[in-house]
Amino acid sequence: MINVKNWDPRLKLTWCLFLVLTALISRNMMLDLVLLLTILITEIITEKSLKRFKVIAILLLIAGSQVLIINLLFGRVGEPVWSWWILTVYNGSLIASLLGFLRICVITISAIQFAYNTDATDIAQMLIKWHIPYRYAMLVPITARFFPVMVNEYHSICDSNSARGVPCDTVMEHIRNLPAAVMPLIYRALRISNDASLSVELRGFGRYETRNFQKTIGLRPFEGIMILFIIMMYISIMLCIMFL
Amino acid sequence: MENELALKRKKIFKTDTKSLIGAVVMGIVFVIACQITGQIDNMLPWGKAGMYLINGSCWAFFTAFITLIYKQPGGIIAAEIEALTSVMYSPLWVAFIFANAVGTIWVSFVASKYDMTKWSHHILAQAGVCILGNCIVTVGMIFILEIPLDVAIIETLILIAVNWIVATVITKLAYDAVLKSGLVK
Amino acid sequence: MKPIISIDLEALVFPEEKEAALKNIKLDINQGDFIAVTGGTASGKSLLLHAITSAAPKFYPCTIDGTVRVADRNVEEIPLCEMADYVGYMMQEPQNQMISRVVYDELGFGVANMNLSSEEIQSRVGEIMSFLSIQDFAHRYTDALSGGQAQKVVLGSILTLKAPILLLDQPAAELDPKTSAELYKYLSWLNKNEKITTMVVMDKSREVLKYADRVVVMENGTVKDYMNTEEYKNKYQQKEKKRRPIELMVDHETDIVKLMGASHIYKGGIVGCKAIDFTLKKGDFTAVIGQNGSGKSTMLKLIEGLLKPTEGSIELFGSPVTKKNIGELRRRIGFLFQNPDDQIFCSTIKEEIGYVLKRKDDSEAEKNKKIQDVLAFIGLEGSEEVHPQRLSRGQRQLLALGSVIISEPELIIADEPTSGLDESQSRLVMEKLLLLAQQGKTVLLVTHDLSDAKYFANRIVVMNRHELVLDFNADQMDCFTDDLIKMELM
């Protein structure tokens, strides 16, 4: 198994941006399919499984089916291929839905691949290399740190609500009880962030222009060459799309 | 202390550690709230057709609320945390990067002109958030999801109308409640 | 010898407040002193520490008339981010203060900000890890730590700064007796051997009094007394609390809660609790005690219906708990959680108390009467329009209790309701629970605080290693002292 986690985040970001931007400018189903297969193959090579994409695949299928239904109901592009009562299905709608589905698959899965393979502190290091002050760059690992804390807080609030018998059986009850779930979370967030910021300031956060991160990132020659190669590939695809 | 008084002085920027970390933590709350409301929308008939009315209102509320509390760059930080994390639950995350940024910048602009004590100030702030934000998301729906133009426009108009009203009400109430709580000075 | 901390404060006033939060304080603390700070609710204990760190006014805006000097420097002149050279400050709720994902990074966070070399950082972190014996979880995620582990990591992160002064705000308020004793031993060692001046806001365990040289007693924002520990004990500490004679009308015929061989195994085979047989009679006040991780919370979640028993069964009010009737049964129970902030969300105290009444058909006049009665009961009458978040933690816990009892539950379950509260706040909450029990309500208290259980409850149930091991009348506590000591509950 290739350990992609140790690669420079700039290479991984370039790869992710290449996939996202190419999918965004592409109007070609084949190209999108090739991009999607490329992501899946790289994932299999590096991780030996596609397990990490299981949840997002379900969400993408739901989103894809929504796009398909809307296009079938309201799309009027191309030739009619099937008709029943007031409903007419056009072939253009089917193609558009498929194109949309492939595109969202590429842009979402590539971003998820980047997120899984890149440590939050590496992203902070990358931002520091781009001369972003460390007070701002550090916000990335801080986000990663407080995510589980806030999710736990939310679960405690939910437990508290269900234990108190706050009704949550119907959709209307869910909507009516939203303030009881979200407002305590907002107040907790305010208290937690106050404590956290006082604690970091009193430990010298922001005292100097720089700080010692101990771990630093550096672009290795093969990573630099890969970045150049990906950029050139993107330019070539752009030119092909524009002129062919 | 200067930063604490920024809320009253209609300043646009607040760069102290409290605001930066506050924006991060509140950005996470933004993400959680969007996920909850997204799930609620999915249970509703219009949500199943991709029109997220409650989620959209929640998005507009948090975009304005966080900007009013933490100013800039806190507003953009929280907004982009939501946009980038939404990759886990929305294929339109690319559009959110721009929609959230534009929304928060508009709120900062309004908050720099008004003290945000009146309903009219919040109506104006949410007008920009809902119209600009939803328009950008519409572009995403057309170019990313390949939704037919007429459907996208109708969906957007409905979203703007609902989000504007709902988000204005909850932003005003929640912002006043939080100021009253004394947790934000 | 010049004092290391010198406070000469005329007044410290918050904006929009008429009264000074701190006033007329003259206090000198010498290097190497170990000071305990105590006082009633809102007496200004934590604020005194904020003033020393200059968090008030630099972080919490306020106006100060007077000076606070640390190591002969006026703190006003020292930027907040440079205070690390002088003081290490540990607040309550350690999870809020950790900023890194991994324990090792958290320990080195402060020293990395000082821009020290990597070798120096590694050496300091290594030294602190072995001192606090936390090498085992050096690479664990910070959000996966227990309360005691998190507390040690926060302390370690501060100790790496090598500041001459340590300020700690109720550092053991949420810890069980064993972890709390361990923490104070570390602090005492540092004070004696490293000459670190230590100021600790005393929690209700009073463990700090074993080590403190002097005690600052605060009242209404000022220092009422500054005396040595022995004098303090003579003047303030009551004689060993005798168990309060409690007359409760227990109906031995009616079971409110009945657990029959109830077990719960979490996913991955982690044991929550094993074969619990437990019955709670109507009108009883029972305390369930045990160390952190002994299975108390799992047992409670089983009763609340938040978890299903993997073995055995549960009956509430004489009916077996099913998915269908759990909602109905919960409406007969009032839950008071460890953290009141999990349930408070309204903008006024009145709204918060009256929230559950919205679903009831009572007239407005009846609702208002109920709200006023509850406000009077919890001692918040006259504060109807105050925002709940402006109350102290103890008052917020009372507010949560108020919003629970307004629906007149038959059973009140209180999960560590005094955790994180100081002694006076704890007593307020416990007195109210006792009063409810005397009015005929059934109360189930879950706590790791033996004094709460001993002083207020009628019956004590002890959990150890996921099992219910002891069940006795609170009067007979002395007969079980050896067992409780073995289980490190005393």
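**Helices, contacts and annotations**

Modeller: Over residues 224-243 of chain A, the chain is 100% helix and 0% strand, with end C-alpha atoms 29 Å apart. Helices here are DSSP runs (H or I, at least four residues) and strands are E runs of at least two, numbered from the N terminus. This is a predicted model, where local features need pLDDT of at least 70, side-chain atom pairs count only at pLDDT 80 or more, and totals for chains, interfaces and linings use all residues. Residues are numbered from 1 along each chain as its sequence is written, while chains are lettered from A and ligands numbered from 1 in the order in which they are written.

Colleague: Which residues of chain A does UniProt annotate as "transmembrane region"?
Modeller: The unreviewed entry gives residues 12-41, 53-74, 94-116 and 224-243. UniProt positions follow the numbering used here, feature names are shortened, and annotations may be inferred rather than shown by experiment. Residues 12-41 of chain A are 90% helix and 0% strand, and their end C-alpha atoms lie 15 Å apart.

Colleague: Why is α1(B) called roughly antiparallel to α3(B)?
Modeller: The axes of α1 (residues 17-43) and α3 (residues 53-85) of chain B cross at roughly 175° and come within 8 Å. Because of that angle, α1(B) counts as roughly antiparallel to α3(B); the label applies over 145 degrees, whereas under 35 is roughly parallel, 65 to 115 roughly perpendicular and the rest oblique. Axes are lines fitted to C-alpha atoms, for helices over the stretch in contact, with angles from 0 to 180 degrees between N-to-C directions.

Colleague: And what makes α2(A) roughly parallel to α4(A)?
Modeller: The axes of α2 (residues 29-47) and α4 (residues 91-117) of chain A cross at roughly 30° and come within 9 Å, so α2(A) is roughly parallel to α4(A). Among the residues making the contact are Leu36(A) of α2(A) and Leu102(A) of α4(A); two residues are in contact if their C-beta atoms, placed from the backbone, lie within 7 Å.

Colleague: Which residues of α5(A) are buried?
Modeller: In α5 (residues 120-129) of chain A, Thr121(A), Asp122(A), Ile123(A), Ala124(A) and Gln125(A) are buried. A residue is buried with 20 or more other C-beta atoms within 10 Å of its own, exposed with 12 or fewer, and partly exposed in between, with C-beta atoms placed from the backbone. The buried residues of α5(A) pack against α1 (9-25), α6 (134-137) and α7 (139-163) of chain A. After α5(A) comes His131(A), with a positive phi near 65°.
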